[in-house]
Amino acid sequence: MKKINIGVIGCANVAERCMLPAIKAANEFELIAVASRNREKAANLAAKFSCEAIEGYADILNRDDIDAVYVPLPTGLHEEWLIKALRKGKHVLSEKSLTTDYASAKKVIDEAEIRQLLVMEDFMFPYHRQHAFVKKLLLDGEIGDVYFFKSSFGFPPRGKDDIRYDRKLGGGALLDAGAYVVKATQMFLGRDLTLLGAFLKYDGRLDVDIYGGAMFTNNKDQISHVSFSFDNYYQCSYEIWGSKGKITADRAFTPPPNFAPTIVLEKQDHRQEFVIAPDNHFVNILKEFHRAIRENDFRRHWDEALTQAKLLDQIRENHARSD
Ligand SMILES: NC(=O)c1ccc[n+]([C@@H]2O[C@H](COP(=O)([O-])OP(=O)(O)OC[C@H]3O[C@@H](n4cnc5c(N)ncnc54)[C@H](OP(=O)(O)O)[C@@H]3O)[C@@H](O)[C@H]2O)c1
C-alpha cells in the first residue's frame with residue numbers, strides 16, 4: 001500500500017487532540033508538516049508529532065512532497081484555503097462544515113472536479129461501528145417501521161474568544177453542532193429531505209446563532225426532529241422510534257477511541273442494552289480518505305458535501321429567528 005504524504009493547515013485544537021494522533025496511528029499516511037500563522041506554535045506541534053514546522057499556510061501548499069492536506073481552519077476560511085490547496089494539486093480533507101453556504105461549497109467542489117481531486121468533509125462519526133450496528137437492528141426489523149428520528153448535539157458555552165462566536169469566521173451553532181444532526185438525519189432517513197420548519201436563536205450582541213432546531217420529512221413520511229446548541233448540558237444522541245420499538249444511541253457523535261458506546265433497544269416490556277466495542281472513527285475516516293484517493297472515488301464525497309450544504313442553507317434561509 002502506497003502511503004499518502006499529508007500536511008496540516010492550522011494548528012487547531014481538533015488537529016492536536018484528534019486528527020494528528022489518528023494520522024500517526026494510521027498506516028496509510030506520512031505526516032510531513034504542520035503549518036501555522038505563528039512559527040513557535042507550528043514548532044511546538046511539529047515536535048509533538050515528529051514532523052516539519054512551516055510558518056504560513058501558503059508555503060505548505062508549495063511543497064511538492066505533499067499530496068494531501070487536512071484543513072482544520074475556522075469554517076469561514078475554508079473556501080479560500082480549500083481552493084488554494086486544490087489549485088496546488090492537493091487532495092483535501094476539510095473540517096466540517098465544508099464552507100459557510102451552498103454557493104461557496106459548490107465553488108470548492110467545482111474546483112475539485114476540474115482538477116479531479118478529492119475533497120472530503122471530515123464528519124467521522126458515520127465511520128464508527130456503532131451506527132452499522134443500529135442499521136443492522138433496523139434491517140432486522142427490530143423496531144418495525146421507522147416513523148421518527150430525533151437527534152441532539154449541544155455543549156456548554158466556550159471561551160468568549162472561541163471561533164464559534166465569530167460571525168466572520170463562520171461561527172454559529174447551525175454550522176457547528178447543527179451540521180452533525182443534519183448529517184445524522186441523512187444517515188437514517190436518506191438525502192432527499194424536505195424542511196418542514198426551523199428556528200434559530202441568535203445572540204444579538206455577537207450576531208451568531210446560539211441554538212436552534214429543525215424538522216425534516218422524506219418521501220416515506222418519516223420525520224426528523226433535530227436540536228443543536230452552544231449553551232447546554234452536553235448531549236450528543238439520537239433516537240429512532242418505530243412501530244414496534246425504539247433504538248437510542250447516547251454517545252452518537254463523539255465517542256473517544258477507547259470508549260465503548262451503548263445502544264439501547266426498547267420494545268413493549270423489553271429493554272436490552274448492547275455495549276459496542278470501542279472504535280477509532282478518526283482513523284476510520286482517514287482510511288476512507290486514503291481509499292477514495294487511491295481508487296479515484298471522488299463523486300460520492302463531493303455529492304455528500306453538497307447535499308449537506310444545501311440542507312444547512314434551507315435551515316438558514318427558512319428559519320424563524322429570535323434575538
Ligand atoms: N470533526 C470534528 O470532530 C471537529 C471537532 C472540533 C472542531 N471541528 C472543526 O474544526 C475546525 C477548527 O475547530 P477548533 O475547535 O479546533 O478551532 P481552533 O482550536 O480555534 O483552531 C482553529 C485554527 O485555525 C487557525 N486560524 C486561522 N485564522 C484564524 C483566526 N482568524 N482565528 C482563529 N484561528 C485561526 C489557527 O491556527 P494557527 O494559529 O496555527 O494558524 C487555529 O488554531 C472548525 O471548522 C470546527 O468546526 C471539527
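Let's start at the ligand: one of its oxygen atoms has a polar side-chain atom of Y57 sitting 2.4 Å away. Keep in mind as you look around that this is a predicted model.

C11 has a backbone N or O atom 2.8 Å from an oxygen atom of the ligand. For R37, a backbone N or O atom is found 2.9 Å from an oxygen atom of the ligand.

Now let's turn to the helices. Two packed helices are described by the angle between their axes and the distance between the axes. Take helix α1, which covers residues 13-25, and helix α8, which covers residues 281-294: they pack at an angle of about 60°, and their axes are 9 Å apart. Their crossing is right-handed. On the α1 side, the contact comes from C18, M19, A22, I23 and A25, while α8 brings F282, V283, I285 and L286. Sort those by class and you get nine nonpolar residues, with no polar and no charged ones.

What about helix α4 (residues 78-87) and helix α5 (residues 102-115)? Here the axes come within 10 Å and cross at roughly 5°. An angle under 35 degrees counts as roughly parallel, so that is how α4 runs relative to α5. From α4, the contact uses E79, L82, I83, L86 and R87; from α5, S104, K107, V108, E111, A112 and R115. By class, this contact has five nonpolar, one polar and five charged residues.

Definitions and conventions:
Residues are numbered from 1 along each chain as its sequence is written. This is a predicted model: local features need pLDDT of at least 70, side-chain atom pairs count only at pLDDT 80 or more; totals for chains, interfaces and linings use all residues. Side-chain values use heavy atoms; hydrogens and water are left out. Axes are lines fitted to C-alpha atoms, for helices over the stretch in contact, and angles run from 0 to 180 degrees between N-to-C directions. Helices (H or I, at least four residues) and strands (E, at least two) are DSSP runs, numbered from the N terminus. A crossing is left-handed if the near helix is turned anticlockwise from the far one by less than a right angle, and right-handed if clockwise. Contact means heavy atoms within 4.5 Å. Ala, Val, Leu, Ile, Met, Phe, Trp, Tyr, Cys and Pro count as nonpolar, Asp, Glu, Lys and Arg as charged, and the others, Gly among them, as polar. Angles under 35 degrees count as roughly parallel, over 145 as roughly antiparallel, 65 to 115 as roughly perpendicular and the rest as oblique. A polar contact is a pair of N or O atoms within 3.5 Å; within protein, one must be able to donate a hydrogen and the other to accept it, and residues adjacent in sequence count only if both atoms are side-chain atoms.
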